[in-house]
Amino acid sequence: MDFRLTDEQAALRDSVRDFAREVVAPVIAEHYEQHTFPYEVIRQMGKMGLFGLPFGEEHGGMGGDYFALCLALEEIARVDSSVAITLEAAVSLGAMPIYRFGTEEQKATWLPKLLSGEALAGFGLTEPGTGSDAAGTQTRAVLDGDQWVINGSKAFITNSGTDITAMVTVTAVTGTNPDGSKELSTIIVPTGTPGFTVAPGYSKVGWTASDTHELTFDDCRVPAANLLGARGRGFAQFLRILDEGRIAIAALAVGLAQGCVDESIKYAKERHAFGRPIGANQAIQFKIADMELKAHTARLAYYDAAARMLAGEPFKRQAAIAKLHASTIAVDNAREATQIHGGYGFMNEYPVARFWRDSKILEIGEGTSEVQRMIIARDLGL
Ligand SMILES: Cc1cc2nc3c(=O)[nH]c(=O)nc-3n(C[C@H](O)[C@H](O)[C@H](O)COP(=O)(O)OP(=O)(O)OC[C@H]3O[C@@H](n4cnc5c(N)ncnc54)[C@H](O)[C@@H]3O)c2cc1C
């Protein structure tokens with residue numbers, strides 16, 4: 001039991017921390033306000049190798065592991081969550097399905113550009129009519145000769161409409177299983193394929209410098225070879241991707257929660273009321289102590305889930321616990337940090353306002369808090 005970072009892990013954390021403070025922090029408020037995608041920041045993250053962190057060098061990756069990705073996500077989210085979710089979705093939802101389930105040809109086609117950050121990929125699971133109940137997928141793909149013909153739509157797909165988006169993986173019903181349930185498969189749809197339409201970006205409460213779109217497939221034809229892994233494996237594939245992704249979202253949530261502590265300490269020392277810094281009041285000190293406690297315990301929860309995953313042990317329950325706990329405390333910390341900032345906490349120019357707006361989605365995306373509780377309860381045999 002040793003949750004201290006190795007020298008290599010600490011060096012990665014420190015270099016991403018410096019990058020977040022020196023490169024992301026100065027420009028992100030403007031992107032957030034204008035709802036623009038921070039291409040320049042993403043390009044620099046590509047150069048640093050962040051998009052290739054958990055992948056083997058044979059595919060152009062950095063030869064690190066999933067925990068390295070989590071460390072990077074935590075440090076970026078400590079400054080900004082739009083950039084962090086762009087990285088999280090690009091790696092754990094975009095490139096990972098190809099890495100885990102793709103053929104050698106698919107890997108050779110897509111991974112070099114995804115792992116360098118030159119291109120992004122989306123993960124199309126959620127639909128306008130179904131999210132938590134992913135088995136309710138309505139999008140259909142029918143094999144017509146040597147092509148899949150896809151019809152349907154997907155909702156809220158991250159990284160699906162940037163200038164550098166190269167493709168999306170789409171979960172579709174491809175038949176009926178012997179037990180009568182839907183046969184789900186995953187199909188790669190390159191950007192620009194006729195019949196594949198990307199709607200204008202949503203107007204969102206938070207993550208406003210990240211890219212999210214509804215997608216429509218109208219007799220959209222792609223080669224049969226674009227099937228990802230085996231036909232009928234779609235369900236198992238997205239369960240695996242989401243189990244891992246929960247650890248990454250937990251790391252992102254911990255980053256946001258820690259960012260709230262950072263900003264609150266700074267403000268509590270600067271701001272004066274009744275003739276002394278507000279941080280001289282125990283009521284403020286206790287709020288910040290509780291925020292630190294929450295960030296710390298949530299960090300331990302995601303470290304534990306990641307350690308189990310990397311050891312090849314079952315980690316589903318621990319990943320759900322980490323995601324549930326970290327997202328809950330991220331919302332708590334954002335609320336308290338805003339409170340400590342008083343009226344200024346409600347002004348977009350202060351990072352805590354961004355943290356507050358960005359925190360709520362953490363209890364929803366990649367499985368709501370209710371879904372995490374369902375996973376935990378099921379794993380306990382209930
Ligand atoms: C900004 C953003 C980015 C996203 N990015 C992606 C992406 O890249 N790819 C992708 O595929 N999806 C993405 N999503 C979708 C996200 O994962 C879903 O919104 C989420 O899983 C919830 O699904 P839903 O919105 O359909 O809610 P619903 O499933 O309709 O749930 C509504 C409410 O009912 C509750 N509920 C549902 N079933 C039960 C039950 N059995 N018991 C108790 N409560 C229940 C839920 O917990 C929730 O509170 C994104 C969403 C957002 C907002």
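## Ligand surroundings

A nitrogen atom of the ligand has a backbone N or O atom of phenylalanine 156 at 2.7 Å. The protein covers 63% of the 970 Å² of accessible area that the ligand has on its own. The model under discussion is predicted.

Two further contacts involve nitrogen on the ligand side. In one, a polar backbone atom of phenylalanine 123 is 2.8 Å from a ligand nitrogen atom. In the other, an N or O atom in the side chain of threonine 126 is 2.7 Å from a nitrogen atom of the ligand. The ligand is surrounded by 19 residues, of which the closest are Thr126, Ser132, Phe156, Thr368 and Glu370.

## Paired strands

Strand β3 (residues 147-158) has two partners described here. With strand β2 (residues 140-144), β3 pairs in the antiparallel sense over 5 bridges. Within this pairing, aspartate 144 has glutamine 147 of β3 as its bridge partner. The two strands form a hairpin with 2 residues between them, and glycine 145 in the turn has a positive phi of about 65°.

The pairing of β3 with strand β7 (residues 212-223) is also antiparallel and extends over 9 bridges. Here serine 153 stands opposite threonine 216 in β7.

## Aromatic pairs

The structure contains 12 aromatic pairs. One of them joins phenylalanine 37 and tyrosine 39 edge-to-face, at 4.8 Å centre to centre and with 65° between the planes. Phenylalanine 37 counts as buried because its relative accessibility is 11%, whereas tyrosine 39, at 32%, counts as partly exposed. Another pair consists of tyrosine 267 and tyrosine 350: the ring centres are 6.2 Å apart and the planes lie at 85°, so this pair is edge-to-face. Tyrosine 267 belongs to helix α6 (residues 234-270) and tyrosine 350 to the loop between α8 (316-340) and α9 (351-359), so the pair ties together parts that are 83 residues apart in sequence. Tyrosine 267 has a relative accessibility of 7% and therefore counts as buried; tyrosine 350, at 23%, counts as partly exposed.

Ring pairs also link Phe3, Phe67, Tyr302 and Tyr303 into a cluster. A charge-over-ring arrangement is found at tyrosine 32, where the charged end of arginine 354 sits over the ring, 5.9 Å from its centre.

## Two buried helix residues

Glutamate 244 is located in helix α6. This glutamate counts as buried because its relative accessibility is 0%, the cut-off for buried being under 20%. The side chain of glutamate 244 makes a polar contact of 2.6 Å with the side chain of arginine 100. A second polar contact, of 2.8 Å, links the side chains of glutamate 244 and arginine 240.

Leucine 115 lies in helix α5 (residues 104-115). At 2% relative accessibility, leucine 115 likewise counts as buried. The C-alpha atom of leucine 115 is separated by 24 Å from that of threonine 6, the two residues being 109 residues apart along the chain.

How values were computed:
Residues are numbered from 1 along each chain as its sequence is written. This is a predicted model: local features need pLDDT of at least 70, side-chain atom pairs count only at pLDDT 80 or more; totals for chains, interfaces and linings use all residues. Side-chain values use heavy atoms; hydrogens and water are left out. Rings of Phe, Tyr and Trp (its six-membered ring) pair if their centres lie within 6.5 Å; planes under 30 degrees apart count as stacked, over 60 as edge-to-face and the rest as tilted. Buried means under 20% relative accessible area, exposed over 50%, partly exposed in between (1.4 Å probe, protein chains only). Helices (H or I, at least four residues) and strands (E, at least two) are DSSP runs, numbered from the N terminus. A charge sits over a ring if NZ of Lys or CZ of Arg is within 6 Å of the ring centre and within 35 degrees of the ring normal. Two strands pair if DSSP finds at least two bridges between them. A residue is near a molecule or strand if one of its heavy atoms lies within 4 Å of it. A polar contact is a pair of N or O atoms within 3.5 Å; within protein, one must be able to donate a hydrogen and the other to accept it, and residues adjacent in sequence count only if both atoms are side-chain atoms. Accessible areas come from the Shrake-Rupley method with a 1.4 Å probe; for residues, only the protein chains shown count as cover.
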